Amino acid sequence: MNAVIKVEGLKKSYGATVAVDEISFEVFEGEIFGMVGPNGAGKTTTIECLEGLRKPDHGKVTVMGIDPLREGHFLRTHTGMQLQQSNLPERMKVWEALDLYSSFYPKPSNWEELLTQLGLEEKRNTPFSKLSGGQKQRLFIALALLPDPQLIFLDELTTGLDPQARHAIWDLVRDVRSRGKTILLTTHYMEEAERLCDRVAILDHGRIVALDSPEALIRSLGAEELLIFNIDSALPPAFENAISKLGRMEKQGDRVVIHGKGNNATLVNEVVSLLARQGIQFRDLRTEQPTMEDVFLNLTGRAMKD
Amino acid sequence: MKSLLKMTWMETKLFFREPVGAFFTLVFPLMFLFLFGSIYGNAPIKQLNGQGTVDISVPAYTAMIIATTGLMGLTITMATYRENGVLRRLRTTPISPLAVFVAQVIVLFMMTAFGMLLLIIAGKLVYHLRFEGNVINVLMAFTLSSISFFAIGFVLAGLMPTARTAQIVGLAILYPMLFLSGAGFPRELLPETIIKVSRFLPLTYVVTLLRGLWVGDPWSQHTTEVIVLAAILVVGVVVSLKTFRWE
């Protein structure tokens, strides 16, 4: 696979505070690569070093084969960047922003098409300040797509959005990736990293504490899957015997909790068919899988906070 | 070049969508002109060297527009663009940061000139405005004065931490200066002590220069004004380049 971004031993301090502490990673062509971690973990500093907006203290950064600091103009012409805390003039209309920004690039994408693709057609004459948070972010994605880039940086794209808007943005990002583009994003939502990214680097205190696909990270916990249901009658001993082969069982009044062993993909299937065969009535069946939150908790010993 | 044109056009539209700025540049000076014109008319007055109130008001109010666009319009726009992250967003594109400033200067310069034009038209039509100067000289003086004040505006925008402080400081400098420099009231009506104070105000030099050239003074009578304004321009550009911040 082709590495679009290569980072080797990147280090950046602000005074006595070390923001990024010797991190290395690669981002491959066509993937959604996520940097996830709490605020202050060093995500934005890293992404800004890659965008050529900050100068690293140490280490080597290569983006699309070039040094972002030395060939910043090339980078800004050929990549799309969405920044945290950036805005447009309040009274600038959606279409005007796209029209203006497309004049900055030698071969811009057709902004009329982007307007439709990003669902902003109805908002084309709306001033920037009158857009909702989700609409603003969609406009920023459209602006990032204007140079028709192979690589797109998205910094804290969905921060502050409600869940519905967040899901809509995820769909858009997946859609962009399916057009063969590479995406590097940062987020402090573990769920976003898990649902959206092909590979995730977990950052904490300026270091990468884990880097893999979300599935592999979760699997690496070796955590058990929980299967929970309620019953109205007593469980026959035969059931308890059979279940002991699948995992540990716990009874809490009407509630039964089964701790599945390791990565048993067929746990639900086996338990349900066992219940059916023995004619046991059950209700409210649900499962609980470990998530990226658990991965973070396991790696750092503390929960992710917003 | 294409992006600079687009950006200038965009900033022009934004200028007219910001009613307060457009009001103070284009409407407010006209209101002043009609207010004092209707009180005093434009008959020649001996104390004004045979000029009428409107004759001296048009160049003075032009100075007022220059100060307002430089200290308010430009300062607030640039400080707001920085604070809101508008500059930050532009920084991720291949366009040069200079383009933003050039577009801003072009638009405000044109609007200031437009404000002056409105004053002249109104003065001519309603009060038979007299003009004894050389058009080219007046335009050159107008240009020098405007860009000097824009330079002050950029310095303020660069030095002030937030858009809010830039606005307050801009206003605090602008308002006393409007009245003490002879831009808002004829200097002939001001007491001697205030005229002494006014020598420390940059706008005084704009008023003196524009009023002088308006009645046909030669440049040689106004070397002080030209030197002061040119010095402000040079210092302003150097300081604003040094203090410039993207965010």
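**Figure 1. Helix α1 of chain A, an enclosed helix.** In this predicted model, eight of the eight residues of helix α1 (residues 43-50) of chain A are buried, so the helix is largely enclosed by the rest of the structure. Just after α1(A) comes A:G52, with a positive phi of about 80°.

**Figure 2. Chain A, a chain of helices and strands.** Chain A holds eleven helices and 13 strands. Its C-alpha trace spans about 75 × 45 × 35 Å along the principal axes. Of its 306 residues, 39% count as buried. Take the contacts in chain A with a separation of 6 or more: residues 24 or more positions apart account for 70% of them.

**Figure 3. The two domains of chain A.** Domain 1 of chain A covers 3-219, and domain 2 covers 226-289. Taken over C-alpha atoms, the centres of domain 1 of chain A and domain 2 of chain A are separated by 44 Å.

**Figure 4. Confidence along chain A.** The mean pLDDT of chain A is 89. A value of 70 or more is reached by 98% of its residues. Among the elements of chain A, α3(A) has the highest mean pLDDT, 96. The lowest, 83, belongs to helix α9 (residues 237-243) of chain A.

**Figure 5. Chain B, a chain of helices.** Chain B has ten helices and zero strands. Along the sequence its pattern reads α-α-α-α-α-α-α-α-α-α. The radius of gyration of chain B is 18 Å, close to the 18 Å that the globule rule gives for 247 residues, so chain B is as compact as a globular protein of that length. The C-alpha atoms of chain B fill a box of roughly 60 × 35 × 30 Å along the principal axes. Of the 247 residues of chain B, 46% count as buried. Contacts in chain B between residues at least 6 apart in sequence join residues at least 24 apart in 79% of cases.

**Figure 6. The contact of chain A with chain B.** Chain A gives 20 residues to the contact, and chain B gives 18 residues. On the side of chain A that touches chain B, the elements that give two or more residues are α2 (72-78) and α3 (94-102) of chain A. By class, this side of chain A has ten nonpolar, six polar and four charged residues.

**Figure 7. The largest nonpolar core.** This core has 131 residues. Those with the most contacts inside it include A:A97, A:A142 and A:I183 from chain A. From chain B, B:A63, B:A67, B:V206 and B:L210 are also among them. Helix α3 (residues 53-84) of chain B gives the most to this core, with 17 residues.

**Figure 8. Around B:V206.** Which residues does B:V206 touch, not counting residues up to four places away in sequence? They are B:A63, B:I66, B:S145 and B:L229. B:V206 and B:A63 are both listed among the residues with the most contacts inside the largest nonpolar core.

**Figure 9. A second core.** A separate core has five residues. Among them are A:L227, A:I258, A:L267 and A:V271.

Terms used. Residues are numbered from 1 along each chain as its sequence is written. Chains are lettered from A and ligands numbered from 1 in the order in which they are written. This is a predicted model: local features need pLDDT of at least 70, side-chain atom pairs count only at pLDDT 80 or more; totals for chains, interfaces and linings use all residues. Helices (H or I, at least four residues) and strands (E, at least two) are DSSP runs, numbered from the N terminus. The radius of gyration is taken over C-alpha atoms; the globule rule is 2.2 Å times the number of residues to the power 0.38. A residue is buried if 20 or more other C-beta atoms lie within 10 Å of its own, exposed if 12 or fewer, and partly exposed in between; C-beta atoms are placed from the backbone. Two residues are in contact if their C-beta atoms, placed from the backbone, lie within 7 Å. Domain bounds come from an automatic or database domain assignment. Ala, Val, Leu, Ile, Met, Phe, Trp, Tyr, Cys and Pro count as nonpolar, Asp, Glu, Lys and Arg as charged, and the others, Gly among them, as polar. A nonpolar core is a set of buried Ala, Val, Leu, Ile, Met, Phe, Trp, Tyr and Cys residues joined through C-beta atoms within 7 Å. pLDDT is the predictor's confidence in each residue, from 0 to 100.
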